[in-house]
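Colleague: I am new to this structure. Please take me through it and set each label against its definition.

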Amino acid sequence: MALGALFGSLWFVSLALTPYLISQAVDRGLGPRDLSALLPWVAAVLILGVASAGLGIMRHRSMTKLRLKAALLTVDMVMTHATRLGSALPRRVTAGEVVTIGISDVWTIGRAMNVGGVGVAATLACLVVATLLFRTSPPLAVVVLIGVPVFALIVGPLLGRTQKAGARYRQAQGELNARLVDVLGGLRILNGLGGKETHLRRYEGQSARVRELGYRVGLPAGWIGALGDGLPLVFLGVVTWLAARLTAAGSLTVGELIAVYGYTAMLVIPVNVLIFCGFDITHGLVAARRVTEFLRLPADDPSGVSPPDEPAVLHDPVSGVSAAPGRFTALVADNPSDAVAVIDRLGSYGVSAASWGSVLLSDIAQPLVRSRILVAENDAALFAGSLREIVAGRDEPDDDRVRAAIGVAVAGDIAADLARPVDWGGRNLSGGQRQRLRLARALHADPEMLLAVEPTSAVDAQTEAAIAERLVAARAGRGTLVATTSPVLLARADEVVHLVGGQVAGCGTHAGLLAGSPGYRALVTRVFDAFEGDV
């Protein structure tokens with residue numbers, strides 16, 4: 001930024017000095033027809049012109065590097081924070097918002113950095129020109145010093161309107177991109193359900209609203225552009241007219257008239273730069289607020305107290321749910337989102353009053369929580385790589401452990417070859433295969449407490465029964481909490497917790513709740529009528 005301001009200032013000063021040298025060449029060389037006096041001034045103009053060209057190149061290079069560095073440093077900060085957020089990221093911000101930050105906001109912020117380089121230089125240039133004009137004609141210098149603040153008063157309200165409209169537009173743009181990301185992510189499902197046209201119409205309607213907001217941004221922005229180009233030219237005409245009057249009256253020489261015209265013509269550039277710097281700052285502030293809001297999202301805290309030395313009960317006081325070590329607990333909710341919320345709180349995703357033994361989860365160093373408590377979700381990311389690497393996760397692949405985890409997840413149909421490549425997101429696998437692969441990865445990690453959300457929702461009844469039997473056996477001696485409405489999993493759970501309205505309505509065995517809780521019985525049989533024989 002300092003280099004941009006330095007080279008920009010020197011470039012503007014070189015432009016401002018050029019009219020002075022030309023005026024001296026006119027008054028001392030051309031006027032008296034003195035060639036010996038003319039040549040040195042002509043040489044000075046030539047040398048200054050070459051220097052100005054070089055300084056202009058360096059100014060442009062330094063400002064380009066400044067914009068790129070500012071944008072890429074912002075990208076680095078955003079990506080680093082997104083990595084810190086990890087699996088908490090989709091819980092706190094939409095994918096569309098992250099996309100908009102990455103493809104729009106960071107470059108807008110980079111452009112706003114112009115103010116620290118050419119903006120400073122343009123301000124200095126205005127002062128230099130005013131000084132040179134004052135030496136030539138104090139009245140003209142006063143006109144210049146008054147004219148620049150007048151521009152600010154005219155353009156300032158438009159900048160304020162642009163910023164307000166830009167904030168609303170940016171919010172709507174992020175929401176529109178979120179819808180687009182959701183549609184693209186669910187395109188295969190929409191193909192099967194026949195919902196593409198419905199979502200297309202919704203996207204078109206939302207896009208039209210964003211376009212209307214864009215017009216509201218464009219109206220004041222268009223006036224700023226017009227005034228940025230037009231006002232300096234009007235200003236040039238006024239100063240030139242005053243200078244011509246002074247020359248006709250004999251107060252200025254012909255050379256001084258040329259110098260005044262040159263000063264004022266050169267002044268068009270920094271004034272135009274200052275106007276557009278205000279425009280860039282207006283948009284940059286809107287973009288920067290979105291980025292800083294993202295950077296304020298709380299990430300896992302590496303500091304904190306130690307967790308319990310031994311396996312301990314996880315308890316969520318909001319719902320009353322507890323998950324005991326060494327027991328297989330099933331969680332059934334009349335609203336599935338309530339069960340997911342309980343899993344999130346017990347997994348320490350977000351601020352909550354959940355406890356681990358006698359210690360609040362929020363007080364424990366998050367890396368220690370992650371090393372012993374694992375939340376397994378159906379939409380957890382599957383990265384590209386071999387089957388062996390995917391199941392092993394962060395551990396070094398051990399074929400025996402990998403095959404054991406695959407066996408518990410009943411994923412042998414996709415694991416004949418552990419070197420089998422898997423595409424990003426598991427796109428070369430079916431939905432049931434992806435679900436079993438995620439379960440195998442969670443089992444391979446062998447956490448002290450496993451919190452899983454509907455781990456068998458995408459498999460057939462026979463496979464589900466096999467998974468339920470093997471999962472309970474594999475997790476013997478370890479704590480497991482599964483959010484599910486699957487009768488085969490519920491029947492094998494040590495304890496079933498029934499949630500109604502996000503609160504514990506009953507606890508017991510599956511058989512006991514079926515006999516004693518009509519609400520539980522209605523919920524399980526309504527969702528899984530196909531399993532009535534097993535019930």
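Modeller: Start with strand β9 (residues 449-453), which is mostly covered, five of its five residues being buried. The model is predicted, so local features need pLDDT of at least 70 and side-chain atom pairs count only at pLDDT 80 or more, while totals for chains, interfaces and linings use all residues. Residues are numbered from 1 along each chain as its sequence is written, and side-chain values use heavy atoms, with hydrogens and water left out.

Colleague: What makes a residue buried, and what makes a run of residues a strand or a helix?

Modeller: Buried means under 20% relative accessible area, exposed means over 50%, and partly exposed lies in between (1.4 Å probe, protein chains only). Helices (H or I, at least four residues) and strands (E, at least two) are DSSP runs, numbered from the N terminus.

Colleague: How do you know that both faces of β9 are covered?

Modeller: Met 449, Leu 451 and Val 453 lie on one side, Leu 450 and Ala 452 on the other, and all are buried.

Colleague: What makes β9 paired with β6 and β10?

Modeller: Two strands pair if DSSP finds at least two bridges between them. Strand β6 (residues 373-376) is joined to β9 by four bridges, and the two run parallel. Between β9 and strand β10 (residues 479-483) there are five bridges, again in the parallel sense. Val 453 stands opposite Ala 483 in β10. From β9 the chain crosses through α15 to β10, and this β-α-β crossover is right-handed. That term applies if, with the strands pointing away from the viewer, the path from the first strand over the helix to the second runs clockwise.

Colleague: How do you know that the span of helix α15 agrees with its number of residues?

Modeller: The expected span is 1.5 Å times one less than the number of residues. For the 14 residues of α15 (residues 461-474) that should be 20 Å, and the end C-alpha atoms are 20 Å apart, which agrees.

Colleague: Which residues of α15 are buried, and why are they said to line one face?

Modeller: Thr 463, Glu 464, Ile 467, Ala 468 and Leu 471 are buried. Seen down the axis of α15, they fall within an arc of 140 degrees, so they line one face of the helix. The arc is that of the directions from the helix axis to the C-beta atoms. On the face turned away from the buried side are the exposed residues Gln 462, Glu 469 and Ala 473.

Colleague: What do the buried residues of α15 pack against?

Modeller: They pack against β3 (328-333), α13 (399-408), α14 (431-445) and α16 (487-492). Contact means heavy atoms within 4.5 Å.

Colleague: Which residues of α13 are buried, and what covers them?

Modeller: The buried ones are Val 402, Ala 405, Ile 406 and Val 408. Their arc, seen down the axis of α13, is within 160 degrees, so they too line one face of the helix. What covers them includes α12 (387-392), α14 and α15.

Colleague: Why is His 81 called buried?

Modeller: His 81, in helix α2 (residues 35-85), has 6% relative accessibility, so His 81 counts as buried. Leaving aside neighbours within four places in sequence, His 81 is in contact with Phe 294, Leu 295, Leu 297 and Ala 299.
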